[in-house]
Amino acid sequence: MAIYDHEAIYKAYPEVKSIQDDVGAFKDDGVTQVTLVQSAIDSARTTLDTEAAAIAYQSTRQPLYPSLGDFADAMYWNSKGDSSKLEAYYTACEKVKTDNPKPS
């Protein structure tokens, strides 16, 4: 049984609207079959993997940031003249960014 890399096929062949494993890839009408070339699918997979890796840091960082409630509290106290909580909030955010850098 052939299992196709659906995501890569859709990336490589925008005209493909459906894929049936063991049968093939088809255009909108469900009848016209699209000829698939493995090197094009492999190239699309590489592109998809590169795109995913480029933004993976975002999902790693998100749960590590201090809460927006902490930010609101820090802003309140900052408006009262105490900037220590806001500075601590910024420091915590900077640590998350430093510990989980964007890929270059």
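Predicted model: local features only at pLDDT ≥ 70, side-chain atom pairs only at ≥ 80, totals over all residues.
The protein has four helices and three strands. From the N terminus, the elements follow the order α-β-β-β-α-α-α. The radius of gyration is 23 Å, whereas a compact globule of 104 residues would have a value near 13 Å. Along the principal axes, the C-alpha atoms occupy a box of roughly 70 × 30 × 20 Å. Of the 104 residues, 20% are buried. Among contacts with a separation of 6 or more, 40% join residues 24 or more positions apart.

The protein carries 10 positive and 16 negative charges. Their mean positions lie 8 Å apart.

The three strands make an open sheet with antiparallel pairing, in the order 1-2-3. Strand 1 (18-20) and strand 3 (33-34) are the edge strands, and each has a single partner strand, so one side of each lacks a neighbour in the sheet. Strand 2 (residues 24-26) pairs with strand 3 in the antiparallel sense through two bridges. Ala25 sits opposite Val34 of strand 3.

Asn100 lies in the segment that follows helix 4 (84-99). Asn100 counts as buried because its relative accessibility is 16%, and the cut-off for buried is under 20%. Beyond its neighbours within four places in sequence, Asn100 contacts Tyr57, Thr60, Arg61 and Leu64.

Methods. Residues numbered from 1 in each chain as written. Heavy atoms only, no water. Pairing = 2+ DSSP bridges. Buried < 20%, exposed > 50% of the residue type's maximum accessible area, 1.4 Å probe, protein only. Contact = heavy atoms within 4.5 Å. Rg over C-alpha atoms; globule rule 2.2 N^0.38 Å. Lys, Arg positive; Asp, Glu negative; His and termini not counted. Charge placed at Lys NZ, Arg CZ, Asp CG, Glu CD.
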